[in-house]
Amino acid sequence: MQVYLDNNATTMVDPAVTEAMIPFFSEIYGNPNSLHRFGTASHPAITKAINQMYKAINASDKDDIIFTSCATESNNWVLKSVWVDKILNGDKNHIVTTEIEHPSVLSTCKFLEEQGVKVTYLPVNDQGIVEAHTLRSFITEKTALVSVMWANNETGMIFPIKEIGEICKEKGVLFHSDGVQAVGKIPVNMQEVHVDFLSMSAHKFHGPKGIGALYIRNSEELTPLLHGGEHMGGRRSGTLNVPYIVGMGKAIELATENIAEKMASIRAKRDRLEDALLSQLSDVMVVGNRDNRTPNTILISIRGVEGEGMLWDLNNALIGASTGSACASEDLEANTVMLAIGADNELAHTGIRLSLSRFTTDEEIDYVIERFSTAVKRLRAISSSYAIVQPTPGGEAAECGIHH
Amino acid sequence: MAKNDLLGGSLWDQYSNKVTTLMNNPNNQGEITQEECDAAGHKLIVADFGAESCGDAVRLYWEVDPATDTIVHSKFKSFGCGTAIASSDMMAELCIGKTVQEAVKITNIDVEKSLRDDPETPAVPPQKMHCSVMAYDVIKKAAGLYLGVDESSFEDEIIVCECARVSLGTLREVIKLNDLKTIEQVTDYTKAGGFCKSCIKPGGHEAREYYLVDILADVRREMDEEKMRTAADAGSHGDFEAMTLVQKIKAIDSVVDESIRQFLIMDGGNMEVIDIKDSPDYIDVYIRYLGACNGCASSSTGTLYAIEATLKEKLSQKIRVLPI
């Protein structure tokens with residue numbers, strides 16, 4: 001058996017989504033902006049996809065949902081264009097975000113800092129979320145934008161978007177949320193929150209890679225990131241990616257219809273896995289209260305077992321998971337999310353993320369429970385953390401010299 | 001960045017088969033107890049290096065025959081990634097049968113080379129070289145415990161880059177000899193900084209005592225100072241063209257004071273030196289006339305020639321005097 005538990009990284013495209021996309025490659029291939037019948041033939045499907053998007057997040061007809069190439073583009077667009085509109089060509093100079101945003105937000109903020117923008121990175125609490133009241137004191141009259149993710153990719157923890165939105169509304173500051181880990185996993189209703197911009201990505205909810213979207217409340221002004229033709233009302237140029245737009249529409253519909261039911265089913269499996277690991281293994285810790293977590297995510301720290309080593313053994317058992325361990329990264333830098341939560345430094349080296357999907361089966365969960373425990377037992381048998389014979393006097397380890 | 005870098009390589013695909021095999025089944029994993037050593041009349045040495053909160057920790061066990069100082073058994077325990085476990089295993093393997101004095105000469109590079117499938121292909125990707133460094137550190141620690149000496153006594157030079165074992169002395173020499181100006185050049189010439197990158201600048205994976213950026217800056221500054229000393233020496237020997245700018249100004253001023261100014265003052269005038277510009281062919285001295293010289297017909301002809309001729313004679317034929 002092989003089990004894919006890395007659905008926060010990407011998901012399998014639902015076969016029903018692939019099927020919906022296929023006609024738009026070689027049968028209905030015209031450019032939707034052309035006047036002839038080859039072009040207009042795609043219009044009903046695009047309209048349907050647009051309707052599916054609006055319905056899925058309960059957007060108003062006054063709002064825009066613009067298709068992009070990915071959520072990285074959506075995030076870059078908001079940050080860079082708010083900079084152009086409100087800072088370069090306005091009287092603002094400040095952006096507020098959090099320490100644990102996705103790199104497409106953090107790296108863009110670092111870039112804007114190099115351009116002279118002041119950026120505040122809000123700290124997270126031991127649950128890995130920003131408390132809304134923390135935000136209030138950091139907003140100034142020079143603040144152009146607040147950017148806070150809806151749910152975190154590593155922990156699955158859900159941020160208080162409603163409260164943050166109210167503070168931004170009261171202060172008159174634009175509010176962007178990276179909704180990549182929320183849309184399709186938990187209910188996202190744009191009528192219940194005050195969010196000006198919301199980034200989305202299809203491949204996180206069983207749609208194809210290479211397509212994302214940006215929701216823009218009330219068609220708020222935002223200079224385009226990509227200039228060109230008059231596609232999507234001139235807001236985002238580039239020939240419409242018809243098959244992928246159709247795929248994203250279908251995927252978001254499948255992910256959000258009866259979402260409560262789907263969430264309950266995934267959560268039951270997730271909780272069973274989490275309970276089993278917590279009861280079978282000593283010295284393990286799961287980050288974050290599960291009631292405030294996306295229903296598919298577990299971030300578990302296993303004392304004495306380094307993350308890359310654990311991933312190795314899981315991979316040998318044909319289980320795909322993820323770690324924020326420094327040893328598993330190109331630059332030996334520990335995951336910023338793990339470090340920011342600061343539960344202890346060991347979490348940065350021992351955290352394993354298991355993320356389920358609606359395709360995860362009970363049999364797969366049983367298999368993972370068994371193999372996960374086997375891997376922990378083997379690695380703890382090798383681990384110096386569980387060694388019995390103590391060092392010769394004077395042979396104890398010196399202090400940790402690693403940068404955190 | 002080029003075609004082959006477009007798709008970043010998979011970390012695990014770059015491990016040698018030996019690394020993979022030892023990670024899956026380490027041969028020397030385990031502990032040696034005091035009782036086992038006592039029974040054989042041997043000495044037990046146990047040394048730790050690293051900590052779980054650092055991301056790597058290793059415990060090395062040696063059973064040493066005190067009659068010959070030979071390590072008869074060696075085992076390890078490790079908290080670490082696959083390459084850390086494989087490196088620790090190979091390190092323990094390399095210790096067996098050696099005397100403590102021989103074992104202390106084993107370096108992380110020996111460990112890495114022993115993990116290679118073929119002599120030309122590295123056993124691990126560059127950023128993982130760092131894992132084998134701990135193996136080297138823990139051996140020194142164990143040897144220090146056994147011999148009753150400080151572990152630093154085994155190191156006769158300061159190692160700046162532990163992954164590639166490049167010493168401070170080597171780095172300084174290579175920078176000077178090759179007139180290196182960037183960190184990339186230093187890495188190309190010495191390999192230092194090409195692996196875990198901790199030694200390049202503060203803020204990397206591991207805090208270091210010496211950083212390449214500081215070493216490069218220090219050596220460059222010393223090289224500049226050396227150049228200036230050469231110039232200063234040249235100046236004191238009267239070699240005008242080799243002088244620094246300040247020395248040139250002083251030399252010109254003193255010639256003006258000694259041989260020129262008095263004649264100008266006699267006619268109710270004066271001059272001052274404004275600037276000096278060096279070019280390969282000329283040394284241009286910019287001056288300004290003061291008092292009666294200002295506007296005097298001779299100031300751009302006879303007087304000017306006299307000033308220039310005096311400076312040329314006393315200092316350098318390359319001098320041109322330009323009034324502004």
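At what angle do helix α7 (residues 168–178) of chain B and helix α8 (residues 183–190) of chain B pack? The angle is about 110°, and the axes are 10 Å apart. I will come back to that pair after some ground rules.

This is a predicted model, in which local features need pLDDT of at least 70 and side-chain atom pairs count only at pLDDT 80 or more, while totals for chains, interfaces and linings use all residues. Residues are numbered from 1 along each chain as its sequence is written, and chains are lettered from A and ligands numbered from 1 in the order in which they are written.

A few terms next. Helices (H or I, at least four residues) and strands (E, at least two) are DSSP runs, numbered from the N terminus. Axes are lines fitted to C-alpha atoms, for helices over the stretch in contact, and angles run from 0 to 180 degrees between N-to-C directions.

Back to the helix pair. Angles under 35 degrees count as roughly parallel, over 145 as roughly antiparallel, 65 to 115 as roughly perpendicular and the rest as oblique. α7(B) and α8(B) are therefore roughly perpendicular to each other. Their crossing is right-handed; a crossing is right-handed if the near helix is turned clockwise from the far one by less than a right angle, and left-handed if anticlockwise. Who meets whom? From α7(B) come Thr170(B), Leu171(B), Val174(B), Ile175(B) and Asn178(B), which meet Val186(B), Tyr189(B) and Thr190(B) of α8(B). Contact here requires C-beta atoms, placed from the backbone, to lie within 7 Å. The residues of this contact divide into five nonpolar, three polar and no charged.

Now chain B as a whole. Its domain assignment gives domain 1 (3–155), domain 2 (157–237) and domain 3 (241–323); such bounds come from an automatic or database domain assignment. The centres of domain 1 and domain 3 of chain B, taken over C-alpha atoms, are separated by 73 Å.

Next, a sheet in chain B. Three strands form an open sheet in the order β1-β2-β3, with antiparallel pairing. Two strands pair if DSSP finds at least two bridges between them. The edge strands of chain B here are β1 (43–51) and β3 (70–79), each pairing on one side only. On average, neighbouring strands of this sheet are turned by 15° against each other, direction ignored. Strand β2 (residues 56–65) of chain B is joined to β3(B) by nine bridges, and Glu63(B) stands opposite His73(B) in β3(B). Across β2 and β3 of chain B lies helix α3 (residues 82–95) of chain B, running at about 170° to β3(B).

There is another open sheet in chain B, made of three strands in the order β6-β7-β8, and its pairing is mixed. β6 (269–278) and β8 (319–323) of chain B are at the edges with a single partner strand each, so one side of each has no neighbour in the sheet. The twist averages 30° from one strand to the next. β6(B) and strand β7 (residues 283–291) of chain B run antiparallel and are joined by nine bridges; Asn270(B) has Leu290(B) in β7(B) as its bridge partner. Helix α10 (residues 245–266) of chain B lies across β6 and β7, at about 155° to β6(B). Helix α11 (residues 302–314) of chain B lies across β7 and β8, at about 150° to β8(B).

On to chain A, which is divided into domain 1 (15–256) and domain 2 (258–381). Their C-alpha centres lie 28 Å apart. Across the boundary, 19 residues of domain 1 of chain A are in contact with 21 residues of domain 2 of chain A.

One helix pair from chain A. The axes of helix α5 (residues 71–88) and helix α6 (residues 103–114) of chain A come within 9 Å and cross at roughly 30°. That makes α5(A) roughly parallel to α6(A). The contact residues of this pair divide into six nonpolar, five polar and one charged.

Last, the two chains together. How many residues of chain A are in contact with chain B? There are 31, and they contact 38 residues of chain B. Helix α11 (residues 307–316) of chain A gives the most to chain A's side, with three residues. That side divides into 13 nonpolar, 13 polar and five charged residues.

Definitions and conventions:
Contact = placed C-beta atoms within 7 Å. Nonpolar A, V, L, I, M, F, W, Y, C, P; charged D, E, K, R; others polar.
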